[in-house]
Amino acid sequence: MLRTIAAVLFVALFLIFSLPVQGVLWLLGFRFKEKTDMISLRIVQWAFKVVIFISGAKPDIKGLENIPKDRAVLFIANHQSFFDVIITYSLMPNLTGFISKKEHRKIPLLHIWMGRLYCLFLDRDDIRAGLKTILKAVDYVNSGISMFIFPEGSRSKDKVFHEFHGGSFKIATKSGCPIVPIAITGTDDVMENSLPALKKGPVSI
């Protein structure tokens, strides 16, 4: 339980005390957009790595060398836990935005960082709005920003792959970018299966 309290406290303090940093980055972004984008990425990755450390998760990472470094890609992964985002985003070599459900836009302070890092909020109940989100993601990829999507659409609670949503791959087909598949195991045991406590243990990416 202490791990959970420490992780929640750290995230809350990070979101609060990073507000002035975001203000500075916003101002500098008018002149140094690419640099401030990368600084934002590294700041959030640092915060996620702290959460991983606090949680006691032991990531076993294989295949990072297979990620193209010279162009934007579409990452697709299975989805077992909220912890999937923390683990995978800490590994992104270049600027990457996540496709997230629209409800995450309502999370105080977090949505600001998500917006800065080109995350998009998908409305799965509105086909037209959903298409606009996918087309925006295509624009991001064409401008050099990778995108990350969980094509199952929601977390799998039975450790089984579920049907992929049809629009999940349109980002790749419309932009022509490579697809980088990611397999994740163990994150649900760290978080969902042990709540309200975080449980240390192995995670395979």
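**Figure 1. Crossing of helices α1 and α2.** The axes of helix α1 (residues 2-17) and helix α2 (residues 19-29) cross at roughly 40° and come within 4 Å. That makes α1 oblique to α2. Axes are lines fitted to C-alpha atoms, for helices over the stretch in contact, with angles from 0 to 180 degrees between N-to-C directions; under 35 degrees counts as roughly parallel, over 145 as roughly antiparallel, 65 to 115 as roughly perpendicular and the rest as oblique. The model is predicted: local features need pLDDT of at least 70, side-chain atom pairs count only at pLDDT 80 or more, and totals for chains, interfaces and linings use all residues. Residues are numbered from 1 along each chain as its sequence is written, and side-chain values use heavy atoms, leaving out hydrogens and water.

**Figure 2. Residues at the contact of α1 with α2.** Leu15, Ile16 and Phe17 of α1 meet Leu19, Pro20 and Val21 of α2, contact being heavy atoms within 4.5 Å. The residues of this contact comprise 6 nonpolar, no polar and no charged.

**Figure 3. The chain as a whole.** The chain has 8 helices and 7 strands, taken as DSSP runs (helices H or I, at least four residues; strands E, at least two). Its C-alpha atoms fill a box of roughly 45 × 40 × 35 Å along the principal axes. Of the contacts with a separation of 6 or more, 71% join residues 24 or more positions apart.

**Figure 4. Burial in the chain.** Of the 205 residues, 46% are buried (under 20% relative accessible area, 1.4 Å probe, protein chains only).

Key
Ala, Val, Leu, Ile, Met, Phe, Trp, Tyr, Cys and Pro count as nonpolar, Asp, Glu, Lys and Arg as charged, and the others, Gly among them, as polar. Buried means under 20% relative accessible area, exposed over 50%, partly exposed in between (1.4 Å probe, protein chains only).
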